[in-house]
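Visitor: I have a chain open here and would like to go over some local details. Can you take me through it?

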Amino acid sequence: MTTQEHSQTVRTIGIGGAAGDGIREAGLRLTELFNRLGYQSFLSFSYPSIIRGGHNFSRLSISKEKIYSDHSEMDILIAVNAESARLHLGEMKPDGIIFIEQAYAEELKDAGVRVIPIPMADFVKEANVRPIARTTTGLGAFAFTAGLSLEKTKELISSIFQDYGGDINATLAEKGYLLAEKLNLPKWQEGTEGSPANEKAIITDANKAIGKGLLAAGLDFYISYPMTPASSLLTFLAKEAVGEKLKTIQPEDEISAINMAIGVTYAGKKAAVGTATGGFALMQEAFSFAGISESPIVAVVSQRQGPATGVPTNTSQSDLQFVIHSGHGEFPRIVIAPGDSEEAFLAAGNALNLAWKYQMPAIILVDKQLSESSQTSVLDSSKIIQNEVKKWNNEGEYHRYQFTEDGVSPFAAPGTKNAAVKLTSYEHDEFGIATENTELVKKMTDKRFKKGEMREKELSLYDTVKVYGDEKSDTVVLFWGSPKGAILEASKYLKKPVKLVQILWMEPFDTDRVSKELANAKNIIIIEGNHNSQLAALLREKTGVVPNHKINRYDSKPFDPMELAKEIDELL
Amino acid sequence: MELSTKAKITWCPGCPNATILVAYRNAITELVNEGKLNVENLVSAAGIGCHGKITDYLNTNTFEALHGRVVSSATGIKMANPNLNVVTFTGDGDSLSEGFTHLLHAAERNVGISVFLHNNETFALTTGQATFLSPKGFKGPSTPAGSVDEPMNPLHIMLAMGATFVARTYALNIPGTKNIMKAAMQHKGFAFVEIIQPCITYFDTREHYNSSTEWLPEDFPRTDLSAAINKVREIKEKTTLGIFYQVQKPTFEEKI
């Protein structure tokens, strides 16, 4: 298929304004609207690290077929100020339309695309509601161009804005709709009505999906110090936790969070921490503590552009090598890097269950692009693999670190009769008493790595690697994490089909499967959102394979599918 | 009830850490005999430093944390299972240098744990450097010309942060220490006990403290915060021991 054929089916709508204008919320509501119309959606959100002012931007791409990433070329832009329109003029399709607050329309008279002024502020004033509702008038005008009837528009707007005053929003949308109708704006030819609603699909970003996955696996405590882009997981769970058995705790810092979590798991409850990679840097010593003490904690780690404070609200994949090598000393761990919300949901549930099965720390590695982009997803908890926790049988003297065939010691929590449960950050004997006995030091290290070997035997149960596209092609595009979206989207537009290979499990690394998938490749193109091609380094370490070409983006923005398609085409 | 383990005690011979251990074992034994404690519900946690070795010598549930982080871990243990009696041993290096913020916030939250501070006024396990509780002018290997820091007053800080039980005892007074430990372990809320523990190798203050401590009078108004603050700030020849403050407030584990 060519670019031209495909662009018929993808529509992109931008909503721009200042921080505090409800731009994210408007994007989420619009995405929900299209979900109800049976569309597949991908919504991204970009913003600077400030609370008021600055440019906030929601961008939604929709299609009747699966859509993996938003596109940069827009059909519609709804702007509540002039800056939001000006910044994106170059991204409008030639027949695109900008709906803008009337007061700023004059400033855009040389825009080169059609600009429709809407008296948003006046409409809102008439309706006696807060200015945050201005975007709804734009949504109404847009609904006309999308080919929705006025009745359907009002019904949907009223329903999706129910918690913000459904009727008032429906009235505001009607004003925008009637204005677009009066101007006789062109309508989408494909039409929008009549598609079945996505029954099981929800709109979710990876952070919420991770929260749901952790809950599905029975999380008891989520402990987190706020840090973008992980904060929305804390706020989601704090809200979600009301009335649930889950408790969310916001302690004084990240170091406290992870040390608390180790205490929680010692007491027999399931705990997870979540942070950005900078916060995870603070957790390193305690991550190592979880390793030696065999504490089943889960860490949700979301990358943003570093080093240090870096670009706090932009995305990055520059922490793969840091995260897989977390903690000083040598000990096994699990690191899963999902590439979309559905994978994030499963990664979270599986990570928590595996952590408890093997009594070792597990990490779910995501990034800003995943954490804060919403997409049409089906979260199926029956796909989370359940695992038994090996428990103590109450016989004999309890040894927290008992040597066993598989390296996993029976678990007991304090409060168990006739058991002294001894956990320690020192190297220790089976009972949990500190030791410097060199034989024991070696034996205990081997015990922990035996758990690592057992874990590797189970890799075939999980989607450690996924393959898309033309599996027979000898050209392979290799990637991990959030670029999956842009890459799968780009693959729709490539001049010839290629094999797409995604690596999800970083630790343990599924060397056999990765090697097998790359065995017949003549041209391997690796795509990463970092400078150093960190997956390429891991690939070489584990398989000896060296990719032929590398595409890297490290300007802190996510890949754009159409630009990427061009870049890949040049290497085919 | 066997409270000892097979671990060889490696504190210096004569170290008051051993008398703290004896007082603690006695406190446990008495509380169990009085029907006030099930030993399986007791968790003895510790940080890193000479004090931290205590976990190896206790046949109870123990949690040997990272340096400076024991109060955070103890908070996690208590919130996960409020039925546990969580006793947290720490040192002046362990909780007033490395992990100071955690101590402050645990007091502020009124987490229902007991914190026993082994105050030897030095980093002993690393061979005698100054801590923030060492006297100004302390000459250790890292401060040959004398430390420039004023010593902090841990009890004053704990009262200011909202600790609901604040006491001081002297390690070489085993019955007195045991009684205060028992009171702290039965307190519902955050209990902080400073245990003066001379380091016989790097900062031997035994001679001074053996003759210059005195107990608070029986009628001291223990629920009066101002009285407690004034008392712990007093500078005088004899160091005051006893329970300065004890009130009831909702605990962290109840509030979350």
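Visitor: Where is Pro508(A) found?
Guide: Pro508(A) sits in the loop between β19 and α18 (511-518) of chain A; helices (H or I, at least four residues) and strands (E, at least two) are DSSP runs, numbered from the N terminus. This is a predicted model, where local features need pLDDT of at least 70, side-chain atom pairs count only at pLDDT 80 or more, and totals for chains, interfaces and linings use all residues. Residues are numbered from 1 along each chain as its sequence is written, while chains are lettered from A and ligands numbered from 1 in the order in which they are written.

Visitor: And the peptide bond from Glu507(A) to Pro508(A), cis or trans?
Guide: Cis, with omega near -5°. Thr228(A) and Pro229(A) are also joined by a cis peptide bond, omega about 5°. Pro229(A) lies in the loop between β8 (221-223) and α9 (231-240) of chain A.

Visitor: What about phi of Glu294(A)?
Guide: Phi there is near 55°, a positive value in a residue other than glycine. Glu294(A) belongs to the loop between α12 (284-293) and β11 of chain A.

Visitor: Is Glu294(A) buried or exposed?
Guide: Glu294(A) is buried, because 24 other C-beta atoms lie within 10 Å. Buried takes 20 or more, exposed 12 or fewer, partly exposed in between, with C-beta atoms placed from the backbone.

Visitor: Which residue stands opposite Gly274(A) in β11(A)?
Guide: Val300(A). Strands β10 (residues 271-276) and β11 (residues 298-303) of chain A pair in the parallel sense over five bridges; pairing takes at least two bridges found by DSSP.
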